[in-house]
Amino acid sequence: MITRFILFAFSIVLSGASCFGQVMSGKEVNGKYLDSIRHAVETFYCQGDVKYQVRYDRNEVHKVVSVLKLINFITKNNVTVRQVDSGLSKIDFQNVDRRNDNNGLLRTTTVHGVLKYLSVTIKLVCIDDFVVTKKFVLVPTTTIRCPNYGNGLMDFKIVTDIYAKYIEYPVRVVDLRYLQMRAFDSLNLAKGSVSHKEYKYFTEQLSNRVDSWVNHFYTKQYDPDSSCCYSYVRGEKDMIQLIKEERYDVVRDLVFSPNYFYAISAMEAVLYLSTARKCPVDDQLKLRIEELKTMDFKIKVMRASDVIGWADGYKSLKTSDESVIGKYDRSLH
Amino acid sequence: MTYGNESNGLDNGQSGVNSGPGKLGETRPSSNPDQSVIAIDRGIVDAVEDGMESERLGQSYGSFKGAMGFVSPGIAATMSNTLNFAGRILEHETVHWGAFYNLGQTGVDDNVNIPLFGVNLSFERGRFFEVLAFGNFGQPFNPASNSSWAIADKYTQIQYTVTNDRSTPGPTGAMNAINADLQMRAVQYQLQRQRN
């Protein structure tokens with residue numbers, strides 16, 4: 001009797017699930033998405049004439065799988081750099097490159113590893129040991145032949161047959177050349193911020209999930225690639241937008257951003273606003289501005305439209321308050 | 001020094017993925033020359049590779065193929081034009097390189113300053129040379145920039161290939177659009193029409 005009841009209850013649950021439709025797993029969603037792109041590439045770009053590598057070395061595929069599993073672990077959990085390092089040390093890369101860049105309170109660790117079938121770049125933006133932003137770029141190293149399109153398309157066979165079976169986090173294909181994933185960890189941001197109260201993190205705004213440009217802008221602070229590039233000619237475009245929208249309080253708060261590039265951009269905007277009497281500079285702000293001017297974190301500088309250089313801190317830009325104010329004045333009018 | 005290639009220039013300037021229109025090369029000088037980079041657009045590198053593959057096969061491959069309804073242009077002439085174009089970009093970036101390391105132009109910009117009749121004229125080195133080097137290649141695309149058919153083909157393909165969201169590219173409508181664009185360019189490049 002009890003067994004019959006359990007079976008009956010189970011059938012109701014099953015029928016309920018089919019009524020409401022099944023929720024697809026991350027792997028299934030990725031699989032469908034990548035399959036559809038492979039189909040488009042084969043039929044549309046290559047017009048049916050495409051040749052993939054026939055066989056893949058099983059041991060090498062196993063290494064790729066171990067990288068994908070590590071990426072799943074990193075995206076699913078509130079990880080620390082130490083945990084990631086421990087995972088990376090277990091993978092037998094042919095070649096590994098590691099670099100640390102400091103940008104204010106944020107430290108970006110970039111690991112570039114090469115396997116026979118995969119070139120992976122992992123970028124982790126951290127506060128102390130807490131990983132706040134996780135970025136992954138996966139480039140299959142195998143090539144395909146597509147006489148109609150030519151070189152440059154990625155190997156969609158390995159992507160759909162192997163990668164798609166393991167990647168759980170939403171992935172996107174960029175330019176039909178590589179896969180990219182990006183995750184933001186607000187819990188780790190909260191943990192990391194505890195011991196650095198002197199900065200403003202915009203955690204409240206980040207958690208309200210309103211799809212506005214300002215909210216994207218707050219998140220972008222934690223993306224290492226968005227800290228580009230300082231211009232002598234134009235004011236930073238997001239600061240200009242904030243000034244146009246008269247969000248002076250946001251500009252002021254951004255001077256305390258943990259991202260040095262954002263902080264100096266906001267500082268310049270504040271210098272302009274203070275002369276226009278729109279943002280008073282109190283003692284706290286004055287101290288912070290002095291501090292920012294003496295710090296020597298690297299800043300990416302645009303010297304011409306196709307020349308991107310580096311400066312060691314704001315002072316090495318050798319700009320004056322007058323030229324900054326003039327720059328913002330010109331950008332706004 | 002590294003010669004790299006990136007998906008940066010022959011694009012439609014979408015933010016987030018590509019750096020903007022007409023940017024076919026980039027110089028990234030560093031205080032340590034060994035860590036400096038001259039990057040050439042990946043589309044250009046791919047076009048050169050398509051040319052090498054065409055030469056190897058003895059028949060047009062990838063961007064060296066003509067548009068639908070048109071005969072493929074000669075491999076040797078297309079390769080020559082493609083390499084000339086790639087060479088001009090490299091030359092242009094090398095000018096920036098030289099300005100940084102040889103002339104010590106490490107300040108605000110690397111402008112060329114010419115005092116003339118009491119007026120100080122300042123030309124942005126990049127722009128000044130870009131006009132000479134690239135013609136008006138970029139947006140809007142103009143084949144008068146004496147590039148090659150392969151470059152024009154890659155440029156057109158990339159316009160439709162760039163994806164920076166989770167949508168699937170093609171085939172609805174895009175195939176007709178891409179073919180129409182390629183055919184328009186084939187006329188501009190004076191490719192021969194196929195005879196039935």
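## Disulfides in the model

Searching the whole structure gives two disulfides over all chains, a disulfide being a pair of cysteine sulfur atoms within 2.5 Å. With the bonded cysteines of chain A numbered in sequence order, the pairing reads 1-2, 3-4.

This is a predicted model, in which local features need pLDDT of at least 70 and side-chain atom pairs count only at pLDDT 80 or more, while totals for chains, interfaces and linings use all residues. Residues are numbered from 1 along each chain as its sequence is written, chains are lettered from A and ligands numbered from 1 in the order in which they are written, and side-chain values use heavy atoms, with hydrogens and water left out.

## A:Cys46 and A:Cys146

The sulfur atoms of A:Cys46 and A:Cys146 are 2.2 Å apart and form a disulfide. The link is left-handed, with -115° about the S-S bond. A:Cys46 lies in the loop between helix 2 (26-45) and helix 3 (58-76) of chain A, and A:Cys146 in the loop between strand 4 (130-140) and helix 5 (156-166), so the pair ties together parts that are 100 residues apart in sequence. Helices (H or I, at least four residues) and strands (E, at least two) are DSSP runs numbered from the N terminus.

A:Cys46 is buried at 1% relative accessibility, and A:Cys146 is buried with a relative accessible area of 1%. Buried means under 20% relative accessible area, exposed over 50%, and partly exposed in between (1.4 Å probe, protein chains only).

## A:Cys228 and A:Cys229

A:Cys228 and A:Cys229 form a disulfide with their sulfur atoms 1.7 Å apart. A:Cys228 is partly exposed at 36%, whereas A:Cys229 counts as buried at 16%.

## Further cysteines

A:Cys126 is buried, with a relative accessible area of 0%. A:Cys279 counts as buried at 4%.
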